[in-house]
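Work through the exercises below with the sequence and the coordinates at hand. Each task is followed by a solution in steps.

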Amino acid sequence: MRKARLVFWLVAIPALVTSIVYAVADTARRRSERDLARRRQDDTRVLASTLAAVPWAARADSIDGRIAGRAAQWTVQGTHGDAVTSARVYELGRGGLAFGDSLVRPLRIDESLDQGDHGRAERVYYLDHTRPRNADLALVRENSVRARTDAPAAGNDTLAVEVMFDGAGDVLAARKSVNGVLIAVTPQEVRALRANHARVRGMFH
């Protein structure tokens with residue numbers, strides 16, 4: 001009987017210690033993940049709050065006011081994969097020059113993207129004429145509706161994204177909300193916005 005008890009405790013004690021170690025490690029991991037998520041959310045709020053302090057936010061509002069009620073100089077439509085895109089360019093004071101002319105610098109480009117059941121997006125690209133052509137994208141604002149792909153949570157998500165760039169093309173500030181909840185803007189999303197801008201701009205040449 002004593003030997004049986006001894007064998008039991010020799011087996012049970014290491015197993016118990018292992019369980020405790022795993023439980024402690026799992027608790028620490030969960031706490032670390034919560035802390036990281038909280039820091040990311042705080043960082044996102046800080047970045048979002050700086051948008052209002054950057055002059056380009058006011059300049060974009062000024063552009064909106066200048067082109068209010070004006071017809072777009074150029075309007076095009078095209079397809080990209082399964083999406084249908086229509087875009088409008090606003091450029092002031094250039095008369096009848098063609099968009100491909102080297103003198104023409106767009107002031108604002110509006111994009112409407114329709115992917116049917118997959119969703120739709122409205123994007124506004126603001127351009128800074130004082131910068132080189134390859135870095136004149138100053139601000140992008142997007143409002144979109146996207147269908148969820150995971151079956152248990154079928155439905156649509158409403159997204160709002162705003163990204164501001166400096167003269168070197170680097171991100172000055174960015175914010176994103178999904179169904180009203182602030183989350184971080186990923187580098188992949190920034191690259192996608194730049195690629196969309198280049199694609200839409202290329203439609204006018």
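**Exercise 1.** In which loop is the place of alanine 72? Determine also whether alanine 72 is buried, partly exposed or exposed, and which residues it touches beyond four places in sequence.

Solution. The model is a predicted one.
- Step 1: alanine 72 sits in the loop that runs between helix H2 (55-67) and strand S1 (74-80).
- Step 2: the relative accessibility of alanine 72 is 23%. Buried requires under 20% and exposed over 50%, so alanine 72 counts as partly exposed.
- Step 3: leaving out residues up to four places away in sequence, alanine 72 touches Arg88, Val89 and Tyr90.

**Exercise 2.** Describe the backbone and the setting of asparagine 179.

Solution. 
- Step 1: asparagine 179 belongs to the loop between strand S7 (171-178) and strand S8 (181-183).
- Step 2: most residues other than glycine have a negative phi. Asparagine 179 has a positive phi, near 55°.
- Step 3: asparagine 179 counts as partly exposed because its relative accessibility is 44%.

**Exercise 3.** Which helix gives the most to the lining of the largest pocket? Characterise that pocket and that helix.

Solution. 
- Step 1: the largest pocket holds about 200 Å³ of space.
- Step 2: its lining includes Arg133, Asp136, Phe165, Arg194, His197 and Arg201. By class, the lining has four nonpolar, three polar and four charged residues.
- Step 3: helix H3 (residues 187-202) makes the greatest contribution, with four residues.
- Step 4: H3 has 16 residues and spans 23 Å from first to last C-alpha, close to the expected 22 Å.
- Step 5: among the buried residues of H3 are Val190, Leu193, His197 and Arg201. His197 and Arg201 are also among the residues that line the largest pocket.

**Exercise 4.** How many helices and strands are in the chain, and in what pattern do they follow along the sequence?

Solution. 
- Step 1: the chain has three helices and eight strands.
- Step 2: along the sequence the pattern reads α-α-β-β-β-β-β-β-β-β-α.
- Step 3: of the 205 residues, 32% count as buried.
- Step 4: among contacts with a separation of 6 or more, 46% join residues 24 or more positions apart.
- Step 5: the accessible surface is about 12,700 Å², and carbon and sulfur atoms account for 57% of this surface.

Note on methods. Residues numbered from 1 in each chain as written. Predicted model: local features only at pLDDT ≥ 70, side-chain atom pairs only at ≥ 80, totals over all residues. Heavy atoms only, no water. 1 Å grid on protein atoms, 1.4 Å probe; cavity = no way out; pocket = protein on both sides within 12 Å on 5 of 7 lines; lining within 4 Å. Points joined across faces, edges and corners; volume = space filled by probe spheres on them. Helix = DSSP H or I, 4+ residues; strand = E, 2+ residues; numbered from the N terminus. Nonpolar A, V, L, I, M, F, W, Y, C, P; charged D, E, K, R; others polar. Expected span 1.5 Å × (residues − 1). Buried < 20%, exposed > 50% of the residue type's maximum accessible area, 1.4 Å probe, protein only. Contact = heavy atoms within 4.5 Å. Areas by Shrake-Rupley, 256 points an atom, 1.4 Å probe, with all protein chains shown as cover.
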